[in-house]
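Please read this note with the model open beside you, and find each residue as it is named.

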Amino acid sequence: MARFNRRTTAPAPAPQGAPHSPVRSTAGPGGSAATALGGRGRLRDARSELFLLAVANFVTQRTFHEDAGQRDDRYTALVRELAVRDPRWTAGLLGWLRGDANMRTAALVGAAEYVKARLDASGGSEGGADGAGALDAPSNRQVVDSVLRRADEPGELLAYWTATHGRAVPKPVKRGVADAVRRLYTAGSLLKYDTASAGRAYRFGDVLNLVHASPDPAKPWQGELFRYALDRRHHPESAVPPEGARTLTAHRALMELPVDERRGVVTGPGGAERLAAAGMTWEALAGWLQGPLDAAAWEAVIPSMGSMALLRNLRNFDRAGVSDEVAAAVAERISDPEAVARSRQFPFRYLAAYQHAPSLRWAYPLERALGHSLGAVPALPGRTLILVDRSGSMWEPLSERSQLNRADAAAVFGSALALRAAGADLVEFGTGSAVVPYTKGESVLKLLERFGDLGGTDTTEAVRKHYAGHDRVLIVTDEQAAYHHAGDPTEQVPPDVPVYTWNLAGYRVGHGPSGRANRHVFGGLTDAAFRMVSLLEDGRDARWPWEA
């Protein structure tokens with residue numbers, strides 16, 4: 001999880017406006033503004049600004065035109081403002097962020113700030129603040145519970161709260177965390193996430209001590225599991241797994257093996273099955289072996305690894321020299337359509353793996369996996385102009401831990417749209433612009449090799465040069481367009497022709513209006529956003545994603 005910003009910021013005054021759609025972002029009076037490069041732009045209303053910032057914001061991530069602290073402060077200020085002014089909408093956003101959007105850090109930070117703002121607004125009255133006068137909004141407890149989807153997240157939310165707001169944790173936070181603990185704490189999650197080596201501020205035992213979660217009555221084994229988690233935290237030498245907990249017992253047996261016998265157990269007959277039965281993760285295996293993972297060790301743990309873990313370790317498999325037979329099994333798993341759907345990985349994860357895996361044996365499986373992850377990209381009818389921003393500001397990494405940049409993420413989506421559309425002109429732009437040639441049916445990953453680095457951001461000129469009576473225009477960008485005497489990019493297109501902008505950075509000022517007829521702005525890097533085009537052109541209401 002990304003590092004949390006430790007500062008708090010008082011809510012800033014909000015621009016006026018009351019939109020009902022994630023594509024509407026026109027501010028109220030005085031909404032005109034300049035982009036970071038001096039171009040004509042528009043301020044967004046608070047809800048649209050928060051939506052776009054949330055889906056584009058990896059918390060603590062610096063961007064080209066805004067440092068990490070500024071973005072984090074803007075995010076928390078918007079959450080706190082809207083938690084009080086529009087709690088139902090904000091609660092829906094936070095639950096959707098952690099669920100469908102799969103944005104962990106933004107959701108956890110947002111939930112903590114949501115509760116803090118509502119408690120402050122009610123004078124610290126925990127009972128009243130749980131509803132805080134909004135009868136149709138979820139309680140603070142429910143909001144906290146809604147964003148905790150993985151067993152390490154209760155501890156991470158508590159770590160953020162105590163580091164940012166002090167050691168006193170209010171009852172709605174404790175109760176929401178306790179609800180999540182009952183859902184999430186299992187023998188498997190204990191072995192995966194409750195490790196001293198991970199450097200976690202809150203282990204499972206710490207969380208249980210703080211929130212006093214009672215076991216789920218429907219899980220008769222959970223009381224003993226909680227006891228064992230407490231013993232592991234406070235008396236690790238004498239902690240004994242609950243009777244009948246086969247995974248925990250098998251894991252303890254492995255941990256008690258002498259170090260000089262461990263590698264032989266792993267690489268011998270039944271080694272892979274024994275690792276799986278003990279819930280041994282690949283992260284823990286190297287430490288347990290007290291040595292590097294060679295080909296035999298990888299081949300023993302690969303069968304019990306998940307899709308994302310496989311994706312992250314393709315380079316390591318090649319370096320260790322795993323066999324072609326095992327590599328073929330890995331390739332089949334990472335490219336399986338159902339596995340791709342279950343993993344809920346962003347499409348750009350497959351691009352990053354493709355760019356950094358040294359062996360060509362992964363190229364075709366990753367191409368297939370990327371295609372499956374983009375399966376919902378619509379086949380747009382008629383003629384479509386697709387403009388992909390390749391300016392300098394787009395070369396910032398997507399997150400502090402990512403090797404992939406926004407320029408390539410934009411090119412993935414632009415290319416997928418072009419390949420699926422009935423007829424499309426695919427254009428890259430920066431200071432200048434150029435058509436990117438392609439043929440139907442070719443590889444998205446190969447098509448990306450034709451994109452370049454084009455310097456500045458003259459979006460308006462790119463539209464003026466390439467728009468030729470198309471049925472719609474789609475722009476994938478960070479919206480920080482340079483000044484142009486002819487006005488903003490959307491003004492270059494007739495008002496009856498739709499212009500759709502995908503904002504990949506979440507800056508406060510956009511490059512044109514939105515929320516009026518045929519002018520729309522979306523945020524995020526999932527193919528779900530592209531389905532909004534079909535909804536809008538079918539004359540249906542493009543509501544916020546969690547309201548659809």
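1. How many bridges join strand β3 to β6, and do the two run parallel or antiparallel? Five bridges join β3 (residues 383-389) to β6, and the two strands run parallel; strands are counted as paired if DSSP finds at least two bridges between them. Helices (H or I, at least four residues) and strands (E, at least two) are DSSP runs, numbered from the N terminus.

2. Before going further, please keep in mind that this is a predicted model, in which local features need pLDDT of at least 70 and side-chain atom pairs count only at pLDDT 80 or more, whereas totals for chains, interfaces and linings use all residues. Residues are numbered from 1 along each chain as its sequence is written, and side-chain values use heavy atoms, with hydrogens and water left out.

3. Strand β6 (residues 472-477) is largely enclosed by the rest of the structure, because six of its six residues are buried. Here buried means under 20% relative accessible area, exposed means over 50%, and partly exposed lies in between (1.4 Å probe, protein chains only). Both faces of β6 are covered, with Arg472, Leu474 and Val476 buried on one side and Val473, Ile475 and Thr477 buried on the other.

4. The structure holds six aromatic pairs. Rings of Phe, Tyr and Trp (its six-membered ring) pair if their centres lie within 6.5 Å, and planes under 30 degrees apart count as stacked, over 60 as edge-to-face and the rest as tilted. The rings of Trp89 and Trp546 have centres 5.5 Å apart and planes at 70°, so this pair is edge-to-face. The pair links distant parts of the chain, since Trp89 belongs to helix α3 (residues 87-98) while Trp546 lies in the segment after α26 (531-537), 457 residues apart. Trp89 counts as buried at 3% relative accessibility, whereas Trp546 is partly exposed, with a relative accessible area of 21%. Ring pairs also link Trp89, Trp96 and Trp546 into a cluster.

5. Tyr185 and Phe204 form an aromatic pair that is stacked, with 3.9 Å from centre to centre and 5° between the planes. Tyr185 sits in the loop between α8 (171-184) and α9 (187-193), and Phe204 in helix α10 (residues 204-211), 19 residues apart. Both Tyr185 and Phe204 are buried.

6. Helix α8 has 14 residues and reaches 20 Å from its first C-alpha to its last, close to the 20 Å expected at 1.5 Å a residue; the expected span is 1.5 Å times one less than the number of residues. The helix is mostly covered, with 10 of its 14 residues buried, including Pro172, Val173 and Leu184.

7. The side chain of His165 makes a polar contact with the side chain of Glu113 at 3.1 Å. A polar contact is a pair of N or O atoms within 3.5 Å; within protein, one must be able to donate a hydrogen and the other to accept it, and residues adjacent in sequence count only if both atoms are side-chain atoms. Thr164, also in helix α7, counts as buried at 13% relative accessibility, and its side chain reaches the backbone oxygen of Tyr160 at 2.9 Å.
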